[in-house]
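Here is a short report for a reader new to this structure. Keep the sequence and the 3D view open while reading.

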Amino acid sequence: MRTDPIVNIRESLIFERSTPGKTAYSLPPLDVPAADPRSALEPALLRDEIDDFPEVSEFDIVRHFTRLSTWNYHIDIGMYPLGSCTMKYNPKLNEKLWRIPGISACHPLQDDSLAQGNLQIQFELQQILREITGMAGVSLQPAAGAHGELTGILMARAYHNSRNQRRKFVLIPDSAHGTNPASAAIAGYQVRSIPSNADGRVDFDKFREALHDDVACLMLTNPNTLGIFERRIREIADLLHEKDALLYMDGANFNALMGYTRPGEMGVDVMHLNLHKTFSTPHGGGGPGAGPVAVSRRLEPFLPVPLAAKKQDGTYCLDFNRPQSIGRVRAFMGNFGMHARALGYILSCGGAGLKEISETAVLNANYLRHRLQGLLDLPYRQDSFHEVVFSDKLQTKKGVKTLDLAKRLMDFGFHPPTIYFPLIVPGALMIEPTESEGLQELDAFVEAMQSILREAEENPEIVVTAPHTTKLRRLDETRAARQTVLRWRRAPEQDKTPREAARAGD
Amino acid sequence: MFRYLSLTEQEKQRMLQAMGRGSTDELFAAIPENIRLKRNLDIPGPLSETEVLRFFKELAARNFHADDNAYFLGAGAYHHFVPVVIDALISRAEFFTAYTPYQPEVAQGTLQSIFEFQTLICQLTGLDVANASLYDGSTALAEALLMAERTRGRRHFVLSSLVHPQYRAVVSTYTRNMEWKIDLLARTSQGLTHLDAAASLMTDSTAALVVQYPNFLGGIEDLSRAAALARRHGAMLVVAVAEPIALGLLQSPGALGADICVGEAQALGIPLSYGGPYAGFFSTRDDLKRHMPGRIVGQTVDADGQRGFVLTLATREQHIRREKATSNICTNEGLCALMSSIFMCTLGKDGMKELAKQNFSKAHYAADQLERRGNKIVYGRRFFNEFVVTAGAPVARINARLAAEGIVGGYDLSRDYPEMANQMLVCVTEQNTRQEIDRFVQILSAAETAA
């Protein structure tokens, strides 16, 4: 099975389309007397025009961005099995409910009495996320997963500060996502890496050795980035608590667990959820996401302000009266558009639906594992949850690497999996099908992988030079980093083609 | 079977059989008994589409919103014209259901549009390089300060008290555990940052001087003077912009000497959205590009020499550098950045100028009318589209009166500046008609006279 190449119409940069005198906007005529800025401001403060800003028509814009869009792979066209990214279907209903003007055209600072509907959305989502996680309190303010991590670690810091303890270290397994150590570092901690054991789980003995009175918390992803459940998490939590240290759970992989178990029961003190993973809000080509944090009772006083609250009289308000709060991590209330969509999704699913989602996500991942093991090396053989991690060990003998397999998948109409992560698996291929894919899609993916792996044996050249059907072939990333061109500038000579300009590196 | 799922019971059985498993429960065997949830999640639903939409429409009916109501409220979020093409284009699944462009061969649409966004932000702010966006204006400012500390190796900051209070709050949360010293600059009687005070506070240990442009009270700061002060001490000038429409009229921060310009892109085509999602922008000088936080797209060529775009300078980032990264950011605000790109292209050179002029004219008209009727414009006319007016009564009370007429009044400054009792920060944009402005003025001046 091989897909036909899609239509690839060439398109220049919008700046190269610009023609002086063209315009795409319309404004009503000014209905008050025109004021002269020079009456209020000295001339040095005024600018005549924004140099090189595009001058294009409305249809130029529509053509331009529509053409660009056709060069993107996206979840609506095919399977996007990026491990730990949970590329599931983004229901159209959620886009529609967000666009109700009474929801999306509200100002963040309008009085609570004029925003009761939106405050209720936030309050109800907080309550529901408490139920799903089994945690005591939730803040919706963080704008993304890594932002939630930072928020959580700052709360851990505030907790120890409130007990007059200045702890220095955060423990992080070597399989963790890179945001974990980066977030801990921004909060002012030193990071101690904990190795994984032969099972792909945190090495329990190494963890015990590293745990001392100067440890603030452990950041654990569960299921971890190998798709394996950290089954000793409760013991880990108890040991941390004996030292008055905390357990942070990275909830990036929460899609595996809904309705089966809850971080509250695991002994987790603080965690974040990615609404753009588990709760179906669209990834938008790299955001916006949302990374709510959930906390245990002992960390609740430190949640960011404000929280959405329900008053005795049944009305809703923003609660700023939280004296031990770490403060704000973002202006206003966070990515409210994602909160509304996530609530719409959860209500569409209901409690039983969420559990079926996790059940199906785990079943799909295990099915792919079953069909592909033997063809690809499986470095860790413990039970997989929502994702499975293979390596390119069997293929490298023929000179075919993970990157090549990934690029060749594009020619078969699939987005590649996450590659070269987690770092503890050399040549990793991390596959997460999510619950959205049906059996036909899963089988088609398996067939594509089988064909590619056969090619790797018989005709490796076609694999190592892939992709062959995309708009562009492999891109020179080294050149991009060395001869940096990070913006368009008007070329001194106008007669160069874009291709020549690119070659010249200007 | 639930509508977002694609496996029938029979298919599930067939898959389990192929795997030699009896039930899906076996797949969850690694979860110890003592932490299992032994009841159903207590969550309403499942609801049908009709029910979900009905629920949200009922909630919407309990909000004031900018499609139906007149707004004179800005303070960091602005009600502006949003061209229809924006939603039409960003509603293409190719844009909104794609992931971060890690695989450039199948993400050139996202990558090229980000490259264009970076260019537009450079042009707007007058600086050399920009990143692919950050969460919002407040977090972008925090990242700017972290970058100043990194590149200068200094931990003293001089911050204007007229930087948005919520931006300052975020900076304070981010930096509380660092051994930084942040001095706050008072304001002058003209509603501008007290730069004379900055001169005495700044030393050769100062990393950056930080101002907002226009400032939180609407005043337009003297950036050239601020830049000269910063230069004298080898410090950076960091400029925050919460209302980028002003840059259609005002000289760019880069041209006036800013080293880093950060801001909030919301005014550029992103709906008010009750506070988010928005997009933070970040631009700086070329020599500082390798210190920038966040994703950056660069131009390159493919194996055939065709121009293409990739995520670049990744060695700054968390997935490579882990705890040594320049920032922990991973997800940015791609789709919102795209919205603002389409906005800037739609307005173009002429539109940005015209839009800025309309804002300026309408806000100055409102100020003139208020003054004629006896309200005091506290800091004169050195503003763009926001200004401070005396209200004659507590602002909350006046806003309740305005709400009764379907109008959302201005920002109550006593929330952040206790000495500013009875002072309202009024925002007037191109969206406010003359009729709305006149009605607003009438209600506000009646309150002033009554007092």
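A:R330 and B:D136 are both buried. Their side chains meet in a salt bridge, at 3.9 Å from N to O. This pair crosses between chains. A:R330 sits in the loop between β9 (316–319) and α11 (336–372) of chain A, while B:D136 sits in the loop between β2 (129–130) and α6 of chain B. The model shown here is predicted.

## Where the chains meet

How many residues of chain B are in contact with chain A? The count is 186 residues of chain B, in contact with 212 residues of chain A. The size of an interface is often given as the accessible area lost when the parts come together. Between chain B and chain A the buried area is about 17,600 Å². Carbon and sulfur atoms give 63% of that area.

Side chains of opposite charge can pair when their charged atoms come close. Between chain B and chain A there are 15 salt bridges. One salt bridge joins B:K12 to A:E356, with 3.3 Å from N to O.

## Salt bridges within chain A

Over all chains, the structure holds 53 salt bridges. A:R371 and A:D443 form a salt bridge, with their closest N and O atoms 2.7 Å apart. This pair links distant parts of the chain. A:R371 belongs to helix α11 of chain A and A:D443 to helix α13 (residues 439–458), 72 residues apart. A:R371 is partly exposed, at 27% relative accessible area. A:D443 is buried, at 18% relative accessibility. Elsewhere, shared partners join A:E11, A:R17, A:K22, A:D60 and A:R67 into one network of salt bridges.

A:R234 and A:D238 form a salt bridge too, with closest N and O atoms 3.2 Å apart. They lie four residues apart in helix α9 (residues 233–242) of chain A, so about one helical turn separates them. An α-helix has 3.6 residues a turn, so residues three or four places apart point the same way. A:R234 is partly exposed, at 28% relative accessibility. A:D238 is also partly exposed, at 34%.

Helix α6 of chain B covers residues 137–152 and has 16 residues. From first C-alpha to last, α6(B) reaches 22 Å, close to the 22 Å expected at 1.5 Å a residue. Why is α6(B) largely enclosed by the rest of the structure? Because 13 of its 16 residues are buried. B:G153 follows α6(B) and has a positive phi, near 65°.

Helix α7 of chain A spans residues 179–186. Seven of its eight residues are buried, so α7(A) is largely enclosed by the rest of the structure. Among the buried residues are A:T179, A:P181 and A:I186. Just after α7(A), A:G188 takes a positive phi of about 95°.

## Cysteines without disulfides

How many disulfides are there over all chains? The count is zero. The sulfur of A:C85 is 7.8 Å from the closest cysteine sulfur, in B:C330, and that is too far for a bond. A:C85 is buried, with a relative accessible area of 7%.

B:C336 is in no disulfide either. Its nearest cysteine sulfur, that of B:C345, is 16 Å away. B:C336 counts as buried, at 2% relative accessibility.

## Domains of chain A

Chain A is divided into domain 1 (14–69), domain 2 (94–347) and domain 3 (358–464). Taken over C-alpha atoms, the centres of domain 1 and domain 2 of chain A are 42 Å apart.

Key:
Residues numbered from 1 in each chain as written. Chains lettered and ligands numbered in written order. Predicted model: local features only at pLDDT ≥ 70, side-chain atom pairs only at ≥ 80, totals over all residues. Heavy atoms only, no water. Helix = DSSP H or I, 4+ residues; strand = E, 2+ residues; numbered from the N terminus. Expected span 1.5 Å × (residues − 1). Buried < 20%, exposed > 50% of the residue type's maximum accessible area, 1.4 Å probe, protein only. Domains from an automatic or database assignment. Disulfide = S-S within 2.5 Å. Contact = heavy atoms within 4.5 Å. Buried area = accessible area lost by both parts, 1.4 Å probe. Salt bridge = Lys/Arg side-chain N within 4 Å of Asp/Glu carboxyl O.
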